[in-house]
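The following note sets out some points to check against the model. Please read each point with the sequence and the structure side by side.

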Amino acid sequence: MNAGSALAIIAFTAALALGLGLWARHGKSMSLEEWTVGGRHFGSIFVFLLLAGEIYTTFTFLGGSGYAYGKGGPAYYIISYGCLAYVISYWLLPPIWRYAKERHLVSQPDFFVAKYDSPALGVLVSIVGIVALVPYLVLQFKGLGIIVSTASYGLIPPHVAIWIGAAVVTAYVIVSGMHGSAWTSVLKDFTILAVVVFLGIYLPIHWYGGFDRMFNAIQAAKPGFLALPAKGQSLAWFDSTVALTALGFFMWPHGFAASYSAKHERVFRHNAILLPLYQLILLFVFFVGFAAILQVPGLTGPEIDLALFRLSLKTFSPWVVGIIGGAGVLTALVPGSLILLAAATLLSKNVYRTFRGATSDAHISMVARWLVPVVALVSVYFTLRGGNTIVALLLMGYSFVTQFFPSVLMSLLRHNPVTKEGAFIGICVGVITVAVMSSLDVSLAKVAPSAPQAFQDLNIGIVALGLNIIATTIVSAVTRRVPSPHHA
Amino acid sequence: MLIRLLAALPFLGILVGSIFLNRVEPLIAGLPALLAWLVMWVVLTSVIMGLIYLLDPENRGPPDGETERSAKP
């Protein structure tokens with residue numbers, strides 16, 4: 001009655017989620033549109049939960065608490081960017097949704113193909129989208145690995161736990177598609193809300209006797225840790241990271257496509273009021289991380305993601321750890337399934353179909369299902385290679401998807417000043433900048449050692465976005481002249 | 001115009017305001033000062049978006065507007 005009970009609760013949760021997925025599909029014919037965008041008839045609550053499903057992932061649960069534990073003040077960026085993203089969404093999502101509905105679009109690249117009349121741009125956007133989704137999926141698998149191996153009290157080694165987690169997510173997507181995600185989202189949100197709020201209140205009181213005391217103790221032990229440092233993850237890093245992630249928030253292929261599932265455009269405006277408040281859950285996530293700082297010290301590098309579970313193991317009996325683990329499994333399963341679904345659909349519909357020529361929807365749908373385990377395997381490979389924290393993985397993904405923002409925004413204007421060539425080159429420049437800088441591990445401090453500190457601390461994604469905008473502007477200016485020969 | 005000004009406030013509060021509140025002490029409402037400032041803006045953003053919703057003429061009339069559509073079974 002120790003390790004077994006925690007694992008049993010987690011296994012039960014996973015089985016329940018699979019059951020809900022099957023049940024949601026019951027009696028429905030699953031066309032490609034049905035499987036991926038839920039037939040476009042979800043109301044406020046469902047879109048709310050789906051979009052929230054994107055937000056409250058393993059990233060928040062383990063990554064957010066781990067970052068608060070390991071980095072302190074810089075973790076505050078996580079509570080800030082969503083807010084600004086919702087302000088933007090109020091104006092950004094309705095026109096995207098209207099256009100998608102008129103044209104029966106299913107995925108994000110469809111939008112680019114239609115707006116810019118360029119299948120090549122669609123392929124580029126698909127590939128960049130998949131490249132960005134992989135680290136996002138990797139972080140969910142990593143989270144599942146941490147949860148299952150910790151809750152088994154070391155009985156199941158992390159790499160086996162990652163394989164189990166990946167198998168469950170894959171099975172889940174194949175049986176249920178989008179409907180399963182929406183229903184499990186409901187279950188997930190209630191459990192995660194309860195668990196996080198409980199932990200965030202209980203742990204500081206249990207270990208320190210209150211919030212004031214906890215913060216004073218941390219301030220005494222590590223002065224200034226809970227504000228932003230002067231160098232490194234400074235104010236310039238904070239502002240550029242918040243800006244990058246706020247602009248990129250709805251540029252994720254799965255988030256973009258989830259917005260298609262709304263019944264009407266006012267759904268987004270309602271959500272822009274409610275979702276910022278939902279961000280407050282993050283406060284409790286931070287409290288968990290802060291409580292761990294002085295109680296389970298010594299976790300460094302990628303290990304900081306373990307903070308929540310290490311402290312839970314130290315505090316609770318196995319069945320409580322099991323409930324926390326179950327909630328954790330759901331926070332990885334729902335977003336993980338949406339991400340897998342998005343990646344597989346992108347590959348089949350927007351890459352495979354473009355090269356293969358016209359094929360039936362049934363065929364594309366079948367290819368998408370076969371691609372689900374393939375994408376999962378690739379992600380397992382990267383997960384096992386390891387090395388990054390959960391937050392670093394997500395920020396890498398963001399640096400890629402935010403490169404779509406300029407050409408999406410401009411395409412919503414009545415007279416789009418950006419040409420397809422401009423959009424294509426701009427995205428390439430941004431993405432290549434991010435890829436080169438992060439794979440060679442070159443920081444701005446190394447590139448420009450004499451530049452002001454604030455510049456050196458900028459998030460690399462924002463620098464790439466700047467280069468992207470410059471390239472887009474220049475190439476658009478050059479290519480716009482070509483189709484008007486009468487204009488002498 | 002008023003709507004635009006309102007929408008700019010969360011950006012100013014979070015991106016610019018933080019410059020002046022980047023400190024731990026004093027604890028405000030039991031939280032480190034910078035965190036308390038950001039949390040206040042999360043709540044204010046919701047209030048501001050509510051105001052914008054009420055002021056925005058787009059939100060008058062039936063929700064589906066010209067695109068009335070019955071739910072697909």
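1. In chain A, residues 24 or more positions apart account for 84% of the contacts with a separation of 6 or more; two residues are in contact if their C-beta atoms, placed from the backbone, lie within 7 Å. For chain B, the share of such contacts that comes from residues 24 or more positions apart is 50%.

2. The model is a predicted one, in which local features need pLDDT of at least 70 and side-chain atom pairs count only at pLDDT 80 or more, while totals for chains, interfaces and linings use all residues. Residues are numbered from 1 along each chain as its sequence is written, and chains are lettered from A and ligands numbered from 1 in the order in which they are written.

3. Chain A contains 22 helices and zero strands, and chain B contains two helices and zero strands. Helices (H or I, at least four residues) and strands (E, at least two) are DSSP runs, numbered from the N terminus.

4. Of the 488 residues of chain A, 58% count as buried; for the 73 residues of chain B, the figure is 27%. A residue is buried if 20 or more other C-beta atoms lie within 10 Å of its own, exposed if 12 or fewer, and partly exposed in between, with C-beta atoms placed from the backbone.

5. Helix 15 of chain A deserves attention. It covers residues 318-356, which is 39 residues, and reaches 53 Å from its first C-alpha to its last, close to the 57 Å expected at 1.5 Å a residue; the expected span is 1.5 Å times one less than the number of residues. Helix 15 of chain A is mostly covered, with 30 of its 39 residues buried. After this helix comes Gly357(A), whose phi is positive, near 85°.

6. Which residues have the most contacts inside the largest nonpolar core? This core has 170 residues, and those in question are Leu133(A), Val288(A), Leu333(A), Leu340(A), Ala343(A), Leu394(A) and Leu38(B). Helix 15 of chain A gives the most to this core, with 18 residues. A nonpolar core is a set of buried Ala, Val, Leu, Ile, Met, Phe, Trp, Tyr and Cys residues joined through C-beta atoms within 7 Å. Beyond its neighbours within four places in sequence, Leu340(A) is in contact with residues including Leu137(A), Val169(A), Thr170(A) and Val372(A).

7. Between the chains, 32 residues of chain B are in contact with 34 residues of chain A. Helix 1 (2-20) and helix 2 (33-55) of chain B are the elements that give two or more residues to the side of chain B that touches chain A. Helix 2 of chain B gives the most, with 12 residues. By class, this side has 20 nonpolar, eight polar and four charged residues; Ala, Val, Leu, Ile, Met, Phe, Trp, Tyr, Cys and Pro count as nonpolar, Asp, Glu, Lys and Arg as charged, and the others, Gly among them, as polar.

8. Some backbone details remain to be inspected. A cis peptide bond, with omega about 0°, joins Glu25(B) and Pro26(B); Pro26(B) is in the loop between helix 1 and helix 2 of chain B. His104(A), though not a glycine, has a positive phi near 55°, and its place is in the loop between helix 5 (77-102) and helix 6 (108-116) of chain A. Is His104(A) buried or exposed? His104(A) is exposed, with 12 other C-beta atoms within 10 Å.
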